[in-house]
Amino acid sequence: MLYRPIGFMNTRLTFAGLLILILPAMLVLPLYVRSRPITIRLLLAAGAALGLLVLLLNGTRSAQLGALVGLGLSGWFLVRDFAWLRTRRSLLALAGLTVISLLALATVPPLQSLVGKVFERFNRHTDYSRLVIWSGSGDIIQQHPLLGVGAGNYKAAQKEWREAYLESHPELWYFFENSPYGHAHNDLLHAGVIAGVPGLLVFLLLIVYCVRGPPAHRNDHLRSGDYLRAGIAAFFVAGIAQCYFQDDEVVVFFWSVLALAERLSEASASED
């Protein structure tokens with residue numbers, strides 16, 4: 001479908017994972033290029049709005065939840081960076097725009113249909129599979145806390161856990177049989193299963209480092225790279241319900257965005 005473009009990506013999930021990494025920066029970019037011609041700024045704003053619309057229609061709920069966090073962080077950074085956004089007039093304008101948008105979503109038929117399709121995806125009857133997968137992953141981590149089961153062995157370990165669990169709970173056969181077991185549908189749990197508690201802790205440290213940036217470069221004047229880090233935060237939040245770190249196309253782009261954020265942080269620190 002047109003609203004699920006995949007390009008070189010293999011699924012709509014991949015496309016959503018790529019999009020949320022840059023969407024927060026896309027949405028604020030028009031404000032940072034005020035010296036450019038108005039046509040350039042309008043094109044950038046239109047591209048950002050299109051990206052947001054595509055994400056809504058994409059139907060990837062984990063990415064949508066992650067994007068909420070990323071956009072919230074971007075909003076915080078905008079208020080921090082632009083004093084005029086903290087004025088009473090700006091706050092009233094934002095409140096008015098919010099009310100108008102909500103009224104439009106509630107009264108305009110095409111927008112009502114769009115909202116209905118978005119929220120319809122949050123009412124699926126297959127969500128039990130996440131609970132099955134996460135429960136099994138947690139038990140496997142408890143069984144192999146030090147070294148995990150090793151890379152490439154998640155599927156076999158999950159299958160073995162299910163077979164053992166069904167021996168005492170045969171009534172769950174239908175739910176287990178219809179739940180995928182290729183990965184943990186959670187980046188943190190997947191790291192814990194294949195690398196044990198040490199691997200889980202290392203992954204947590206990676207999350208903290210990526211979101212906060214290098215400690216030596218954090219100062220009151222640092223701004224560059226923060227909006228890319230908002231996208232990185234969105235990526236990790238989306239990983240709570242999906243294994244984006246197991247998607248080659250997404251994780252390669254993730255490292256590229258992180259490298260750019262690091263470079264911008266270094267450039268900003270050297271200017272200070």
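Axes here are lines fitted to C-alpha atoms, for helices over the stretch in contact, and angles run from 0 to 180 degrees between N-to-C directions. With that settled, here are my notes.

**Ground rules**

I am working on a predicted model, where local features need pLDDT of at least 70, side-chain atom pairs count only at pLDDT 80 or more, and totals for chains, interfaces and linings use all residues. I number residues from 1 along each chain as its sequence is written, and side-chain values use heavy atoms, with hydrogens and water left out.

**Entry 1: the overall fold**

I looked up the elements and found eleven helices and zero strands. Helices (H or I, at least four residues) and strands (E, at least two) are DSSP runs, numbered from the N terminus. Written out from that end, the order is α-α-α-α-α-α-α-α-α-α-α.

Next I checked burial, with buried meaning under 20% relative accessible area, exposed over 50%, and partly exposed in between (1.4 Å probe, protein chains only). Of the 272 residues, 38% are buried. The protein exposes about 15600 Å², and carbon and sulfur atoms supply 68% of that area. The areas come from the Shrake-Rupley method with a 1.4 Å probe; for residues, only the protein chains shown count as cover.

For contacts I take heavy atoms within 4.5 Å. Among contacts between residues at least 6 apart in sequence, 72% join residues at least 24 apart.

**Entry 2: H1 against H2**

How do the axes of H1 and H2 cross? Helix H1 (residues 12-32) and helix H2 (residues 38-58) have axes that come within 9 Å and cross at roughly 145°. I noted the crossing as left-handed, the term for a near helix turned anticlockwise from the far one by less than a right angle (clockwise would be right-handed).

On the H1 side, the residues in contact include Phe15, Leu19, Leu23 and Leu27. Those they meet on H2 include Leu44, Ala48, Leu52 and Leu55. By class, this contact has 16 nonpolar, three polar and two charged residues. The classes put Ala, Val, Leu, Ile, Met, Phe, Trp, Tyr, Cys and Pro under nonpolar, Asp, Glu, Lys and Arg under charged, and the others, Gly among them, under polar.

**Entry 3: Ser74**

I then went to Ser74, in helix H3 (residues 61-81). Ser74 counts as buried, at 3% relative accessibility. Its C-alpha atom is separated by 6.3 Å from that of Ala230, 156 residues away along the chain. Leaving aside neighbours within four places in sequence, Ser74 is in contact with Pro24, Val28, Tyr227 and Ala230.

**Entry 4: aromatic rings**

I searched the whole structure for aromatic pairs and got 15. Rings of Phe, Tyr and Trp (its six-membered ring) pair if their centres lie within 6.5 Å; planes under 30 degrees apart count as stacked, over 60 as edge-to-face and the rest as tilted. Why does the pair Tyr165 and Phe176 count as stacked? The ring centres of Tyr165 and Phe176 are 5.8 Å apart and the planes are at 20°, so this pair is stacked. Tyr165 belongs to helix H7 (residues 154-168) and Phe176 to helix H8 (residues 173-177), eleven residues apart. Tyr165 is partly exposed at 30% relative accessibility, whereas Phe176 is buried at 7%.

I also found a cluster in which ring pairs link Phe203, Phe235, Phe236, Tyr244, Phe245, Phe254 and Trp255. Phe203 sits in helix H9 (residues 187-212) and is buried, with a relative accessible area of 9%. Not counting residues up to four places away in sequence, Phe203 touches Asp187, Leu188, Ala191, Phe236 and Phe245.

**Entry 5: two loop residues**

Is Gln242 buried or exposed? Gln242 is buried, with a relative accessible area of 8%, and lies in the loop between helix H10 (226-238) and helix H11 (248-271). Beyond its neighbours within four places in sequence, Gln242 is in contact with Leu13, Ser62, Arg130, His183, His185, Asn186 and Asp187.

His185 counts as buried at 9% relative accessibility. I noted its phi near 55°, a positive value in a residue other than glycine.
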